[in-house]
Amino acid sequence: FGAISRPILWVLVKVDSYTGNFGLAIMVLTLLLNAITFPLTQRSYASMQKVRQFKPQIDELQKKYGSDRATLGQKQMELYQKNGVNPLAGCLPMFITMPIWFALYRTLAQAVELYQQPFYFGIHDLTQPDALLFGYPLLPFIVGAQMFFQTWLQPPPEGQPQTKYMMWLMPFVFTFMMLKMASGLSIYMIVNAITRMGQQLYIRRKYK
């Protein structure tokens, strides 16, 4: 991820020269990245919302082909293809977020520019876990709660159990993973989730 982490560090240093705080620089970086990927994620959320509109047809197919999983899956895909919908589109924002997350993880772990850089609210080092919850990390639980809310906003499609399990499992996985990781990563995830939830709420209202 060096090809991504080096530009990330360059942007962080440049933004920090204006904000005077690397935590704010991480937030600005997140907003810039979301602006760049906005067209892709917008199409993804719209496609996921359209999938929900086909629930009556999916229910009919399940009644008709419920005993034949292979045929049921084929008929569902035909329905999606006919209407130009990708049932796995909801995974795209996560696939966009993860390389940036890994690159930022490497940046926070190795860049001397970020070592012992404070933020606000009692966060004294962006390269270490926060200690806001009576000496224990708080930000990872906020990340997990946001991921649960995002999954509720854009539930996985019916008839795709693997996608469903993965999307509901990810909040638990990320919360556990980030308990001992840099608070700067949690700040990135929180700001990223806020902007993504804004997109999801807009799409949810548009395709009611």
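**Entry 1: helix α1**

I began with the face of α1 that is turned away from its buried side, and there I found the exposed residues A3, R6, W10, S17 and Y18. I use buried for under 20% relative accessible area, exposed for over 50% and partly exposed for what lies in between, with a 1.4 Å probe and protein chains only. I am reading a predicted model, in which local features need pLDDT of at least 70 and side-chain atom pairs count only at pLDDT 80 or more, whereas totals for chains, interfaces and linings use all residues. Residues are numbered from 1 along each chain as its sequence is written, and side-chain values use heavy atoms, with hydrogens and water left out.

I then looked up the span of α1, which takes in residues 2-19: its 18 residues reach 25 Å from the first C-alpha to the last, close to the 26 Å expected at 1.5 Å a residue (the expected span being 1.5 Å times one less than the number of residues). The buried residues of α1 are G2, S5, I8, L9, L12, V15 and D16. They lie on the same side of α1, because they cover an arc of only 150° around the axis, the arc being that of the directions from the helix axis to the C-beta atoms. I set beside this the general point that an α-helix has 3.6 residues a turn, so residues three or four places apart point the same way.

I also checked I4, which is placed in helix α1 and counts as partly exposed at 32% relative accessibility. The C-alpha atoms of I4 and R106 are separated by 9.7 Å, although the two residues are 102 residues apart along the chain. After α1 comes G20, for which I noted a positive phi, near 75°.

**Entry 2: the chain as a whole**

I counted the elements next and noted 8 helices and 0 strands in the chain; both are DSSP runs numbered from the N terminus, helices being H or I with at least four residues and strands E with at least two. Read from the N terminus on, the elements run α-α-α-α-α-α-α-α. Of the 208 residues in the chain, 46% are buried.

**Entry 3: helix α3**

For helix α3 (residues 55-65) I listed I58, L61 and Y65 as the buried residues. Their arc around the axis is only 60°, which puts them on the same side of α3. On the other side of α3, P56 and K63 are exposed.

**Entry 4: aromatic pairs**

I searched the whole structure for aromatic pairs and noted 8. One of them joins W101 and F102, edge-to-face at 5.0 Å centre to centre with 85° between the planes. Rings of Phe, Tyr and Trp (its six-membered ring) pair if their centres lie within 6.5 Å, and planes under 30 degrees apart count as stacked, over 60 as edge-to-face and the rest as tilted. W101 is buried at 1% relative accessibility, while F102 is partly exposed with a relative accessible area of 33%.

Why is the pair of W101 and F174 edge-to-face? I noted ring centres 5.7 Å apart and planes at 75°, so the pair takes that label. W101 lies in helix α5 (residues 92-110) and F174 in helix α7 (residues 161-178), so the pair ties together parts that are 73 residues apart in sequence. F174 counts as buried at 1% relative accessibility. Ring pairs link W101, F102, Y105 and F174 into a cluster.

**Entry 5: α6 against α8**

I looked up how helix α6 (residues 139-153) meets helix α8 (residues 183-206): the axes come within 9 Å and cross at roughly 20°. That makes α6 roughly parallel to α8, a label for angles under 35 degrees, with over 145 counting as roughly antiparallel, 65 to 115 as roughly perpendicular and the rest as oblique. The axes are lines fitted to C-alpha atoms, for helices over the stretch in contact, and angles run from 0 to 180 degrees between N-to-C directions. The crossing of α6 and α8 is left-handed, that is, the near helix is turned anticlockwise from the far one by less than a right angle, clockwise being right-handed.

Q116, a residue other than glycine, has a positive phi near 60°. Q116 sits in the loop between α5 and α6 and is partly exposed, with a relative accessible area of 49%. For F121, again a residue other than glycine, I noted a positive phi near 60°. F121 is also placed in the loop between α5 and α6, and at 66% relative accessibility F121 counts as exposed.
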